[in-house]
Amino acid sequence: MTDAMDYDVVVLGAGPVGENVADRARANGLSAAIVESELVGGECSYWACMPSKALLRPAIARAEARRVPGLKQSVQGPLDAAAVLAHRNEYTSDWKDDGQVAWVESTGTDLYRGHGRLAGTKKVVVTTPEGEEQVLTARHAVAVCVGSRAVLPDLPGLAGAKPWTSREATSSQHVPDRLVVVGGGVVGVEMTTAWRALGSEVTLLVRGDGLLPNMEPFAGKLLAESLTEAGVSVRTNTSVTQVERDGGTGPVTAVLDNGERIEADEILFATGRAPRTDDLGMETVGRKPGDWIEVDDSCRAKGSDWLYAVGDVNHRALLTHQGKYQARIAGAAIAARAQHVPLLETDRWGAHSATADHAAVTQVVFTDPEIASVGLTLAEAAAAGHRVRAVDYDMSGVAGAGLYADGYTGHARMIVDLDEEILRGVTFAGPAVGEMLHSATIAVAGEVPVNRLWHAVPAYPTISEIWLRLLETYRG
């Protein structure tokens with residue numbers, strides 16, 4: 001073991017979240033080290049956001065083009081799967097992190113390759129790939145930004161069946177002829193969309209009674225109808241009880257709770273996430289390995305004055321952009337505390353409080369149709385004790401939607417707080433709604449009064465005229 005190296009801040013995990021914590025620390029004049037056991041850039045860059053969206057973009061573009069008169073006749077053929085996979089590989093830099101390493105180094109942050117573990121208060125031990133150990137000590141903060149991993153259910157035969165998780169689904173170099181997808185959440189529906197468009201025969205198995213259970217019910221309903229129309233076999237209220245695959249190669253069989261057997265070439269389980277804290281030395285700081293780390297709104301771990309948990313690992317909002325938002329908040333809070341600057345803890349939307357994690361989480365599901373949401377659903381708003389009203393509108397009734405695509409199918413809902421006269425949440429489902437979401441985000445996060453929104457005039461003829469229709473419906 002070598003001598004200890006001292007830094008103001010030590011960050012575990014060099015994904016987008018960890019990179020942003022280190023960058024914010026450096027920007028505030030603090031020294032920083034970052035530790036990474038895999039690729040610098042993390043899950044988002046190589047196995048999640050970037051590769052999945054590179055796979056999905058051609059699928060969505062083709063689906064939309066097929067609804068445009070004068071164009072649809074030209075795009076009836078199959079996607080060039082080899083070209084799509086090559087494009088995906090390009091967006092992951094062929095799973096090489098040279099560019100990300102260069103960016104980290106440009107910030108003045110020291111990078112340590114290896115597995116980092118907590119070893120008591122403000123101390124991290126890094127074991128390098130060569131088996132050597134380096135001790136890092138933090139003067140002010142250690143930030144745990146190690147993210148989450150896919151969880152596989154405890155099913156007979158699954159361990160030896162070599163199932164796909166989100167990582168294999170986004171990095172596969174071949175298109176399986178038959179694919180079974182287990183799980184109706186975001187990963188399940190996005191990968192169903194991508195691989196169906198690339199030519200796979202896809203069966204989507206969902207334990208509940210609909211898709212996207214954490215979003216407004218109409219979103220999952222519209223998506224299920226669209227996937228079915230695209231040739232996907234969508235099976236709800238269905239559970240897998242066993243998986244069979246001799247020797248982990250060849251065809252794989254999913255055995256269902258009704259005794260039915262479905263054979264495929266690959267099976268993807270998209271059934272949840274768990275924090276990567278099982279081998280992080282949590283026991284050395286009085287915490288349980290494998291648990292999520294509970295934090296306050298500055299992302300400081302409850303019961304600690306030096307340990308921070310940022311991104312997926314704190315279980316607040318498992319989305320890259322929300323994690324990066326938390327990183328900006330945490331970095332500012334770490335620097336303020338280090339420099340003895342009073343925190344703006346009394347300001348709900350201040351520089352040191354990740355309030356959007358509670359009130360304005362944004363998410364886009366890149367499917368056909370796209371699903372975009374911010375803030376609370378009707379059920380969540382009611383459960384939180386708000387007196388609210390849901391205002392709905394069929395998006396096909398907006399002139400811009402009809403111009404965008406023949407047979408445009410979509411739905412919009414805004415959740416109005418009747419006491420505060422502000423929006424608590426907005427959900428859009430329909431082609432191209434992802435790029436409309438930020439207007440809703442500003443309205444929700446800014447707590448813009450509904451009466452002021454009446455003066456935000458949408459351009460005609462655009463899909464964003466849905467805002468006028470929603471407001472008119474609310475006013476009656």
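Start with the helix contact. In H3, Met50, Pro51, Ala54, Leu55 and Pro58 meet Val84, Leu85, His87, Arg88 and Tyr91 of H4. Contact means heavy atoms within 4.5 Å. By class, that contact has eight nonpolar, one polar and one charged residues. Nonpolar covers Ala, Val, Leu, Ile, Met, Phe, Trp, Tyr, Cys and Pro; charged covers Asp, Glu, Lys and Arg; the others, Gly among them, are polar.

A word on provenance. This is a predicted model, where local features need pLDDT of at least 70, side-chain atom pairs count only at pLDDT 80 or more, and totals for chains, interfaces and linings use all residues. Residues are numbered from 1 along each chain as its sequence is written, and side-chain values use heavy atoms, with hydrogens and water left out.

Now the geometry. The axes of H3 (residues 49–65) and H4 (residues 81–91) come within 8 Å and cross at roughly 150°. So H3 is roughly antiparallel to H4 (over 145 degrees). Axes are lines fitted to C-alpha atoms, for helices over the stretch in contact, with angles from 0 to 180 degrees between N-to-C directions. Helices are DSSP runs (H or I, at least four residues), numbered from the N terminus.

Next, the second largest pocket. How much space lies in it? About 640 Å³. A pocket here is an open set of points on a 1 Å grid where a 1.4 Å probe fits, with protein on both sides within 12 Å along at least five of seven lines; lining residues have an atom within 4 Å of a point. The volume is the space filled by probe spheres set on the points, joined across faces, edges and corners. H8 (217–229) gives the most to the lining, five residues.

Key:
Helices (H or I, at least four residues) and strands (E, at least two) are DSSP runs, numbered from the N terminus. Angles under 35 degrees count as roughly parallel, over 145 as roughly antiparallel, 65 to 115 as roughly perpendicular and the rest as oblique.
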